[in-house]
Structure formats: C-alpha cells, structure tokens
Amino acid sequence: MSREHGPAIVAEGLGKSYQLSHRNDRHTSLRDALTAAATAPWRRFRRLSGTDASMEEFWAVKDVSFEVPQGEVVGIIGRNGAGKSTLLKMLSRIVEPTEGSAMLRGRVASLLEVGTGFHPELSGRENIYLNGSILGMKKREITERFEEIVAFAEIEKFLDTPVKKYSSGMYVRLAFAVAAHLDPEILIVDEVLAVGDAEFQKRCLGKMKQISEGGGRTVLFVSHNMAAVRALCSRGILLKKGRIELQDTADAAVDAYMLPEQVDHAGAVRFKPPSGARIWMDDAAVLVDGEPAASAPMGSQISLRIRFATETPTRHPRIGWVLQSASGERLLNSNNRYQDSPAFDEPAATGEIVCDLGMLPLMPGRYVISLWLGDTAIDHHVELETLFFEVTARDLWGLGQIPPPASFLWWPTSYRLSTVASGA
Amino acid sequence: MNTSTVHDKVEHVTLIRPRPGWIAINWRELWESRELLYFLVLRDVKVRYKQTVLGVAWAVLQPVLSMLVFTVIFGRLAKMPSEGFPYAIFVYTGLLPWTFFSTAVATASQSLLNQQALLTKIYLPRLFVPSSAMGSGVVDFAVSFAFFGCLMAYYGVSPGWGLLAVPALVALTIVASLGVGLALSAVTVTYRDFRYVTPFLIQVWMYLSPVIYPVSIVPSEWQWLLALNPMVGIIDAFRAALLGRPWNLTALGVSALSSFAMLAYGLFYFRRTERRFADVA
C-alpha cells in the first residue's frame with residue numbers, strides 16, 4: 001500500500017437498506033407453495049419472524065462517511081434504532097452494505113456479543129479455545145495467553161467444569177477475558193459492558209483503556225454508557241436515524257446526545273413497535289400537573305405515562321424505568337413487578353400505565369428516562385435513554401436564592417441550632 | 001512504537017462494499033482459518049458424546065437397532081433379496097454409509113439456524129458451520145464400522161482387498177453429504193419452515209437408496225438413472241468393498257459425478273445466499 005500512515009478505517013457513503021419484501025420476491029412463490037401446502041400454522045410464525053412481504057423498506061444506515069486515524073478510540077453513540085449496530089455489523093463484515101464502501105487496514109476483531117459460540121456443555125478450558133478461534137485467534141496465540149485469560153477471569157478452580165454450571169458472573173468474566181486478550185489492530189466493540197456486575201465492568205473498562213492506550217490500536221466502541229464513552233474515547237460519532245449527526249470530540253458528541261439544543265418532543269415520545277414484539281409502547285410522556293411537558297420547575301409533582309398496545313390481550317403488563325442524569329448515571333429505577341401496583345387482571349389489548357413519582361427532588365438539569373415493557377415472562381420493548389425532560393430552577397424556600405447544582409438531588413432538610421454549654 | 005510493528009507485518013486490508021452476483025470461494029481465508037474448523041468439529045464431537053446418556057454407544061446403537069428392525073421386517077417377513085448374504089450383514093453395510101449421510105445432512109441443515117449467533121454476532125467463514133457437522137459423522141462412522149468387524153466375525157464373512165477402498169468411499173460420502181447439507185442449511189436459514197421438510201426428505205431419500213434392497217433388483221439398463229442419487233452408487237460400492245462382491249462401476253461413476261455436482265451446487269447456492277444470512281437469521 002502506498003499510503004504508509006493512512007487512516008485505519010475509511011468509510012465512504014455507507015448505507016444499508018432493508019427491503020425485505022422486494023428482496024424475497026423471486027422466492028415467494030416457492031415458499032408460499034410450500035407453506036400453503038403443509039405449514040399453514042407457521043405463517044403466523046413467519047409473520048412474527050419479520051419476513052412478511054408487507055414490510056416497508058427503510059434505511060438503517062445512510063450516507064455514513066468517516067475516517068479513523070490509527071490508534072484512535074472512537075465512540076459511536078445514538079438512540080436505539082439510530083443505526084449503531086448496523087454500522088458496526090457492516091464494518092465487521094457480518095452484513096453487506098447496500099451502498100458505499102469501507103476500507104479497514106489491519107487485523108480486525110469484532111466483539112458484538114460476549115461469549116459468541118460458547119457451548120454450555122464444554123468446559124471453561126474447551127470454551128476458551130473454541131471462542132478464541134471463533135474470534136479469529138490462532139491456536140498458538142490462545143495457548144500463549146491461556147494463563148492470562150484464566151487469571152483475568154478468575155476461574156482457575158473451574159477450568160474443567162462445564163460452563164453451564166458457571167454462575168452468570170463467571171460466564172461473563174470468562175467470555176470477556178477471552179475477548180480482552182485478542183490482539184487485533186482494529187477492535188470493534190458493541191455494548192459488551194452492559195453485562196456483568198459493576199466491579200467487573202470497571203475492570204473491563206480498565207482493560208479496554210489499557211488495550212487502546214498501550215498498543216496504538218484503533219477501537220470503535222458503541223455504548224449507552226456515556227461515562228464510559230467519555231472516559232475511553234477521544235472522538236465521538238453521533239448517529240441519528242441512520243445518518244451522522246455530529247463528528248467531534250467524544251465529550252462534544254456525548255453532550256450533543258445528552259443535551260440536545262432543545263427537548264424536541266414536548267415531554268412525549270412516540271415509538272415504532274419492534275418487530276416480533278407481543279406487547280409494545282405506543283408512546284411515553286412525562287406529565288406535569290397531568291399534562292405532557294418537557295420541563296418542570298423543581299419540586300413539581302411528576303408522573304410517567306406509557307400507552308401500550310398488544311398483539312393479543314395481555315394480563316399484567318410489566319413496566320420498568322430508569323431515571324438517568326444527563327451524563328448517564330442511573331439515579332433511580334422502578335418496576336411494577338416489585339412494587340404494589342394495580343394489575344390488569346383482565347386481559348387488555350391496549351392500555352395506559354401511569355406511574356406517579358410524586359414530588360421528585362431533582363436539582364435543575366437535563367434528565368432522561370429509559371423504558372422497558374414486557375409481559376410476565378420477558379421484555380418485549382426496550383427504549384434506552386429515550387424520554388428527555390428538564391428540571392428548571394425555582395426558589396423553593398422563598399429565600400430569594402437558588403441552591404447551586406452541586407448534586408442531582410435536593411432534600412427538604414431542616415436545621416436546628418442550639419447552644420452547647422461550654423465546659424459542662 | 002507499536003504502530004511501527006503493525007507496518008512491519010504483512011498488511012491486512014479489508015475492503016467492504018456491496019458485491020453483486022456470484023461470490024467466489026475465498027480459499028485463502030478458509031486455509032488461514034482452518035483451525036476454526038478443527039475447533040468446531042472438536043466441539044461437535046465432544047458435545048455429541050457428552051450430551052447423550054449413552055455416549056459413544058449411541059453411534060453403534062443407531063445402526064444396530066435399525067439393522068435388527070430391518071432384518072426382521074424386510075429380511076424375515078418380506079423376504080427382501082440380499083444377494084446371497086445374511087440379511088443382517090447386507091443391511092448393515094447399507095446402513096453404514098446411510099447413517100453417516102442422513103445424520104450429517106440433518107445436522108448440517110439445522111446448523112445455521114441453531115447457531116444464529118455465529119451469523120449475526122461475528123464474521124467467520126460461514127462455510128465452516130455446516131461443514132463441521134461432517135466431523136462427528138466421521139467419528140460415528142468409525143465407531144459403527146468397528147462394530148461391523150464384530151458382525152463379520154460372527155457371520156464368518158471375511159473382507160477382501162476391497163476394504164482398502166473404504167476411505168475413498170467415506171470421502172465420497174462426505175462430498176455428497178456436504179453438498180446436500182450446504183444447500184439445505186442455506187435454504188433453512190432463509191425459510192425457517194424448511195426445517196420441517198428436511199426430516200421428511202431424508203426419510204423418502206432412504207427408500208430411494210438401496211439400504212434395504214440391492215441395486216440388482218432394478219433392471220440393469222435403468223441402474224444408471226437410479227445412480228443419479230449419489231447414495232445409490234456409494235451404498236452399492238460399500239457392499240462391493242465390504243462383502244467382496246463385484247463392483248458396479250457404472251453406478252459408482254454416475255454417483256461420484258452427481259456427488260461432485262451436488263457439492264458444486266451446494267457451494268454455489270451457499271455463497272450466493274450467504275450475504276443475506278445475517279439479515280434473515
């Protein structure tokens with residue numbers, strides 16, 4: 001190659017469209033003949049699996065161009081459905097782009113899931129070799145790093161135990177340990193830190209930092225953990241609806257993501273039902289005095305309203321939410337599974353769940369809510385960091401001053417002053 | 001300083017772009033990641049024997065139980081001709097390659113569907129996923145072939161020089177199984193309904209293959225047509241090799257050709273549909 005110190009990654013006009021109905025056209029007759037003849041009950045299944053011909057075409061990623069110099073760590077952020085995963089899958093060669101091109105210089109390893117290919121029946125030792133080779137390592141490389149991997153995962157005693165007997169923590173530790181000992185020139189990582197306990201997440205972040213700083217390696221990192229993006233990445237790419245909204249420093253991209261110029265949804269967001277979901281959210285809103293509102297003065301009574309729809313009437317819809325600060329810290333969470341809530345004992349096809357938060361002691365600032373909706377078995381619809389709202393300052397105590405925003409929460413504390421007799 | 005070592009290595013350049021039409025097989029990539037195939041085969045073999053209560057015994061039991069049932073029904077009751085050999089040994093020589101073929105095809109055809117994470121979460125030479133199903137088939141075959149030795153001793157049939165042809169015939173069975181398995185795995189991942197078709201297909205296929213009957217019951221001028229089914233020539237050749245009866249070279253030749261044609265088609269179809277796997281899986 002002529003350009004010796006060229007960028008590690010060059011993407012030019014990458015785009016991926018899903019046109020399920022068009023693409024399957026020439027096979028439809030064969031398939032329909034088969035299914036009509038023998039498998040009528042499975043048509044429903046096929047529709048749920050998303051291969052129905054009535055699906056609309058859409059561009060998951062469009063016109064994405066960027067360059068990443070060697071050794072740079074780039075965070076890719078954006079809401080659910082912004083195209084982050086599709087972009088990473090194209091760069092990982094898992095899906096083929098519909099248009100555009102990308103060139104990657106160097107050995108590429110991608111880590112879109114922890115423990116891809118792990119087999120529960122095999123021992124930790126066997127899985128290290130299997131998973132390592134699936135990730136693209138040579139047997140020799142795995143053998144060289146075997147001790148390190150085992151030490152990092154802290155599974156020495158269980159090396160010859162089938163991983164189905166591992167605790168979920170051990171499983172994740174082992175899986176990440178294998179991946180962390182990959183030695184690629186370009187590493188593509190998707191949201192793998194969302195699993196595991198806090199302590200382990202910290203160690204993973206440390207390891208990733210070490211990888212990116214020590215080896216001059218290029219890293220593309222997708223995460224919803226804004227604190228991690230700030231800590232690890234030097235640059236950030238913000239995606240919105242499949243297009244690049246902003247390319248800047250990581251801090252600027254995170255700020256743009258978490259603190260949009262203005263909350264553009266007036267306190268309510270509408271959702272597209274995820275394919276295959278049996279129950280989904282139509283919209284969600286923050287209510288102040290019973291009305292959707294994008295901002296509320298400190299000390300307001302706040303509620304959260306979720307309107308849902310179902311494929312078949314469902315009993316006991318489960319809603320969970322997490323309130324996060326603008327920089328991503330999770331402040332509080334709630335779930336009607338664990339808290340007293342009027343249950344829908346009668347199956348409901350559509351409905352509205354209102355969660356009264358009461359007076360929430362939030363300091364002025366931007367906040368965001370992540371939402372989960374499911375039935376009693378699983379989550380069907382997840383919208384992370386989706387509902388923004390702002391708390392505005394107010395002179396709560398009528399003292400003519402506003403408390404400085406030194407924390408996320410305030411509390412109606414009271415002070416007593418009394419004199420202590422000296423020398424008593 | 002580490003970046004400089006990067007440049008000292010042979011530079012890997014990955015070019016990603018839409019590739020219309022037929023995509024050639026990347027032999028270099030397959031060779032470079034051959035260890036992955038080894039670990040996938042190793043996994044299949046280990047899991048196969050770990051998961052079953054009977055372990056290795058299963059590899060023997062499956063053809064032996066079929067042999068017993070077929071011997072009673074087709075040998076004793078239906079008086080199926082067996083070219084002068086004890087029916088048990090005759091049907092077992094057919095079951096050896098047939099069990100390999102049917103297990104390998106069934107496993108390979110479900111392989112992509114059962115391991116979707118390997119399609120949607122990582123890039124690897126996907127041809128390896130159904131191909132690895134051949135590995136445990138070979139191990140099963142070796143075990144059930146060992147049992148065949150006992151059977152021969154019991155009936156006092158001694159094999160001749162034909163035994164030397166067995167490795168080549170196994171290789172030919174792999175060619176046929178791989179061809180069918182690749183095509184079916186690609187169809188099944190696209191049209192999930194197809195997984196219910198495959199078992200039926202294999203069942204019908206068995207009756208179209210000379211497992212329970214000899215090829216010789218078909219008029220000789222039509223045998224070449226029957227041999228378009230690769231398993232016809234292969235099973236017949238196994239009998240020739242193991243029982244020391246004359247070879248039907250026409251049937252073997254036609255079946256060998258159609259095995260390779262099937263492999264070529266399987267590879268072609270797999271590569272052509274491969275780019276959509278992650279989208280539909």
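The mean for chain A is 82, with 84% of its residues at 70 or more. Now pick residues 21-29 of chain A: pLDDT falls below 50 here, and the stretch makes seven contacts in the model beyond near neighbours in sequence. A contact means that two C-beta atoms, placed from the backbone, lie within 7 Å. Where pLDDT is low, the predicted coordinates should not be read in detail.

This is a predicted model, in which local features need pLDDT of at least 70, side-chain atom pairs count only at pLDDT 80 or more, and totals for chains, interfaces and linings use all residues. Residues are numbered from 1 along each chain as its sequence is written, while chains are lettered from A and ligands numbered from 1 in the order written.

Select 9-27 + 51-258 for domain 1 and 268-392 for domain 2; the bounds come from an automatic or database domain assignment. Their centres, taken over C-alpha atoms, are 29 Å apart. Seven residues of domain 1 of chain A meet ten of domain 2 of chain A. On the domain 1 side are three nonpolar, three polar and one charged residues. Nonpolar covers Ala, Val, Leu, Ile, Met, Phe, Trp, Tyr, Cys and Pro; charged covers Asp, Glu, Lys and Arg; the others, Gly among them, are polar.

Move to chain B. Show the cartoon: 14 helices and one strand, as DSSP runs (helices H or I, at least four residues; strands E, at least two). Along the principal axes, the C-alpha atoms of chain B fill a box of roughly 75 × 40 × 35 Å. Of the contacts in chain B with a separation of 6 or more, 78% join residues 24 or more positions apart.

Definitions and conventions:
pLDDT is the predictor's confidence in each residue, from 0 to 100.
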